[in-house]
Amino acid sequence: AGQAHPSTHVWVMRHSKDQYVQRLWSEILKERDVVYEGWQLRLGHPGQSCDDVCGKASLRCDAKGHTFTPVNTCEAIATVLRVTCKACVVDRSDALTPYYSVPKQRCFINFLHDKALMPTCSAKDKAVKRMCVCVPREGTLPTVPFTSFEQISGAAAK
């Protein structure tokens with residue numbers, strides 16, 4: 001939020017009846033460069049939704065956590081799911097991301113531009129292993145700035 005400024009906003013379609021101001025993508029990503037304090041990242045097996053994965057551990061899935069930039073990396077997928085990504089597919093927006101495609105041996109992360117195609121907790125596919133952001137069933141966890149990859153590897157359920 002805050003007032004529009006040239007270093008944080010862009011004026012789109014200037015001098016037209018459809019003009020508007022929008023925040024720069026880099027500013028939006030700064031807000032997402034966080035992690036939850038006390039969260040868990042869990043491995044989903046093919047055909048499981050994150051609701052299934054987190055529920056099995058008496059936790060709940062947090063869809064917003066799937067949009068945090070530290071989670072949405074191929075390095076995080078490889079660490080949490082214990083896989084080797086033959087390729088990292090970045091230009092993907094769908095409800096499953098971030099995930100590992102078993103048949104393709106590729107990691108997929110969300111481009112995070114399309115609000116209609118953000119990750120969901122209920123999505124599942126028999127050909128993918130999902131990386132799930134799990135939090136306690138009750139209450140909310142505070143977010144903290146992302147400072148090191150240890151925050152990802154340390155959150156990976158053993």
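This is a predicted model: local features need pLDDT of at least 70, side-chain atom pairs count only at pLDDT 80 or more; totals for chains, interfaces and linings use all residues.
Student: How are the bonded cysteines paired along the protein chain?

Tutor: Number the bonded cysteines in sequence order. The pairing then reads 1-9, 2-10, 3-8, 4-6, 5-7.

Student: Take Cys50 and Cys132. How far apart are their sulfur atoms?

Tutor: The sulfur atoms of Cys50 and Cys132 are 2.2 Å apart, and the two form a disulfide. This pair links distant parts of the chain: Cys50 sits in helix H2 and Cys132 in strand S9, 82 residues apart.

Student: Is that disulfide of Cys50 and Cys132 left-handed or right-handed?

Tutor: Look at the torsion about the S-S bond. For Cys50 and Cys132 it is about -80°, so the disulfide is left-handed.

Student: Are Cys50 and Cys132 buried or exposed?

Tutor: Buried means under 20% relative accessible area. Cys50 has 0%, so Cys50 is buried. Cys132 also counts as buried, at 0%.

Student: What does the link between Cys61 and Cys121 look like?

Tutor: A disulfide joins them, with an S to S distance of 2.1 Å. Cys61 lies in strand S5 (residues 59-61) and Cys121 in the loop between S8 and S9, 60 residues apart. The torsion about their S-S bond is about -75°, so this disulfide is left-handed. Both Cys61 and Cys121 are buried.

Student: And where do Cys85 and Cys107 lie?

Tutor: First the bond: their sulfur atoms are 1.8 Å apart in a disulfide. Cys85 is in the loop between H3 and S6, whereas Cys107 is in strand S8, 22 residues apart. With -60° about the S-S bond, the link is left-handed. Cys85 counts as partly exposed, at 21% relative accessibility. Cys107 is buried, at 0%.

Student: How many salt bridges does the structure hold?

Tutor: Look for a side-chain nitrogen of Lys or Arg within 4 Å of a carboxyl oxygen of Asp or Glu. The structure holds two such salt bridges. In one, Asp52 pairs with Lys124, the closest N and O atoms being 3.9 Å apart. Asp52 lies in helix H2 and Lys124 in the loop between S8 and strand S9, so the pair ties together parts that are 72 residues apart in sequence. Asp52 is partly exposed, at 35% relative accessibility.

Student: Which residue forms a salt bridge with Arg60?

Tutor: Asp62, with the closest N and O atoms 3.7 Å apart. Arg60 is partly exposed at 28%. Asp62 counts as buried at 12%.

Student: Last, the largest pocket. Which residues lie nearest its centre?

Tutor: Arg42, Leu43, His45, Val53 and Ala157, out of 12 lining residues. Strand S4 (40-43) and helix H2 (50-56) are the elements that give two or more residues to this lining. S4 gives the most, with three. By class, the lining has six nonpolar, two polar and four charged residues. The volume of the largest pocket is about 170 Å³.

Definitions and conventions
Residues are numbered from 1 along each chain as its sequence is written. Side-chain values use heavy atoms; hydrogens and water are left out. On a 1 Å grid over the protein atoms alone, a cavity is a set of points where a 1.4 Å probe fits but cannot get out, and a pocket is an open set with protein on both sides within 12 Å along at least five of seven lines; lining residues have an atom within 4 Å of a point. Grid points are joined across faces, edges and corners, and a volume is the space filled by probe spheres set on the points. Helices (H or I, at least four residues) and strands (E, at least two) are DSSP runs, numbered from the N terminus. Ala, Val, Leu, Ile, Met, Phe, Trp, Tyr, Cys and Pro count as nonpolar, Asp, Glu, Lys and Arg as charged, and the others, Gly among them, as polar. Buried means under 20% relative accessible area, exposed over 50%, partly exposed in between (1.4 Å probe, protein chains only). A disulfide is a pair of cysteine sulfur atoms within 2.5 Å.
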